[in-house]
2 protein chains.
Amino acid sequence: MALKTLGAKAAAALDKELMSTGAFSIDQLMELAGLSVSQVVYRVHPIHKGHRVLVACGPGNNGGDGLVAARHLRQYGYQPTVYYPRRSKNDLYQRLAKQLEDLDVPFVEDFPEALKSTDHIVDALFGFSFSGEVREPFPAVIKALEETNLPVTSVDAPSSWNIEDGPPKTGLGSSFHPEYLISLTAPKPLVKYFKGRHFVGGRFVAPSIAKKYDFDIPEYQGIDQIVEVSPADEKL
Amino acid sequence: MALKTLGAKAAAALDKELMSTGAFSIDQLMELAGLSVSQVVYRVHPIHKGHRVLVACGPGNNGGDGLVAARHLRQYGYQPTVYYPRRSKNDLYQRLAKQLEDLDVPFVEDFPEALKSTDHIVDALFGFSFSGEVREPFPAVIKALEETNLPVTSVDAPSSWNIEDGPPKTGLGSSFHPEYLISLTAPKPLVKYFKGRHFVGGRFVAPSIAKKYDFDIPEYQGIDQIVEVSPADEKL
């Protein structure tokens with residue numbers, strides 16, 4: 001199966017559709033998306049090989065997925081640390097942050113410093129709605145992600161990459177190549193520039209919606225909320 | 001570990017606390033509760049041994065958990081049928097039902113008739129807030145559950161059982177003994193009358209809340225949302 005991708009506009013329309021005719025609430029979708037992310041981390045970073053995980057959360061939905069993932073990872077026994085410098089005033093995000101505080105998950109202010117005491121990283125900074133420039137305080141975070149030797153799992157998109165065109169040609173983000181990527185609901189066109197292990201998550205899409213948006217629902221196994229996409233599927 | 005139980009009043013207070021100081025939304029909790037239920041069904045009824053499952057949903061939160069479980073079961077490849085005769089007008093329940101309709105999950109009106117074409121049953125009729133009498137149209141459903149030879153998985157409580165005192169001494173429900181039970185967040189006192197395989201689900205409770213309500217969080221494994229409780233743990 002050749003994996004079809006969903007451009008930025010189509011992904012935004014799909015998201016809107018899931019929450020209108022699809023009847024999902026954002027709480028529900030974010031819970032299932034974040035759960036998928038946590039399952040990828042569990043799959044690629046067995047807990048006995050490094051239980052410290054730094055979760056970098058941006059100001060929007062991608063960051064919300066990161067907050068949910070951090071909670072599940074904490075429940076699995078990992079020791080997450082959360083970097084979430086631009087907290088949304090939205091009620092949902094405040095609640096997701098409170099849930100982490102209740103589990104004694106520390107929030108840190110200094111990303112480069114936090115990198116010194118983690119085993120791996122979740123990049124939940126920017127998702128399919130990102131475009132244009134990386135705003136403060138995130139340029140230093142992208143730079144640190146480019147420079148670190150620690151493995152990074154990106155949520156939906158390697159942050160700073162253009163959804164259609166992939167990594168910036170020059171400058172900030174141009175040498176950011178995460179080891180792992182989880183595409184939520186469907187891969188975005190940028191996956192053709194991605195060289196690591198690729199997963200798809202978000203096991204809630206109805207076939208009728210996938211058909212309408214012209215993408216394939218991957219073959220999830222058992223009760224998995226994620227599926228790894230083999231390189232052979234990537235010939236787009 | 002001797003499993004501590006949570007009485008009806010304490011369970012109601014805990015639920016309220018999770019959604020106030022715990023900062024969870026009901027959408028979130030119900031999604032995770034229903035996911036737990038679906039994982040028990042997957043564990044005890046391997047899909048190749050019978051993929052038809054009849055999910056009986058009551059009018060309240062227990063029924064909502066059933067609706068969510070049915071959706072996940074559909075995504076795993078089961079063929080759920082839903083009996084949901086008293087639909088709540090609440091927005092959340094209407095959305096959960098719509099999500100099932102979008103997956104072409106049939107809703108049936110005649111429970112005894114539906115029993116003829118299923119392999120197993122999920123009893124999500126009444127949970128910890130049940131007390132008193134079984135109202136129409138549910139007496140016939142309880143009777144059918146008592147009489148069927150098909151295996152039943154009950155959610156939080158075998159429906160018609162008293163949360164503290166277990167099965168009715170005589171009459172309707174007195175001979176209803178489901179094969180499987182999933183207790184959500186913590187077992188209720190009725191578990192001492194339960195003889196089947198017992199699971200606990202609801203992997204979202206913070207240790208501070210469990211401490212306040214004086215129950216133990218079981219040792220979940222890996223990314224499981226459920227844990228089977230061994231009979232040795234049941235000496236209460």
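Tutor: The model is predicted, with pLDDT of at least 70 needed for local features and 80 or more for side-chain atom pairs, while totals for chains, interfaces and linings use all residues. Residues are numbered from 1 along each chain as its sequence is written, chains are lettered from A and ligands numbered from 1 in the order in which they are written, and side-chain values use heavy atoms, without hydrogens or water.

Student: Which helices supply the side of chain A that touches chain B?

Tutor: α2 (26-44), α3 (61-76), α4 (91-102) and α7 (207-212) of chain A each give at least two residues, and α2(A) gives the most, with seven. Helices (H or I, at least four residues) and strands (E, at least two) are DSSP runs, numbered from the N terminus.

Student: What makes a residue part of the contact, and how many does chain A give?

Tutor: Contact means heavy atoms within 4.5 Å; chain A gives 31 residues and chain B gives 31.

Student: What area do chain A and chain B bury between them?

Tutor: About 2700 Å², 57% of it on carbon and sulfur atoms. Gln28(A), Gln75(A) and Ile223(A) supply 21% of the area that chain A buries against chain B, more than any other three residues. Buried area is the accessible area (1.4 Å probe) that two parts lose on being put together, summed over both.

Student: Why are β3 and β8 of chain A called edge strands?

Tutor: The open sheet of chain A has eight strands in the order β3-β2-β1-β4-β5-β6-β7-β8, with mixed pairing. β3 (107-108) and β8 (226-229) of chain A each pair on one side only.

Student: How do you know that β1 and β4 of chain A pair?

Tutor: Pairing needs at least two bridges found by DSSP, and five join β1 (residues 52-57) to β4 (residues 120-124) of chain A, so these parallel strands pair. In β4(A), Ile121(A) is the bridge partner of Leu54(A).

Student: What pairs with β2 (residues 79-83) of chain B?

Tutor: Two bridges join β2(B) to β3(B), and the strands run parallel. Val108(B) in β3(B) is the bridge partner of Tyr83(B).
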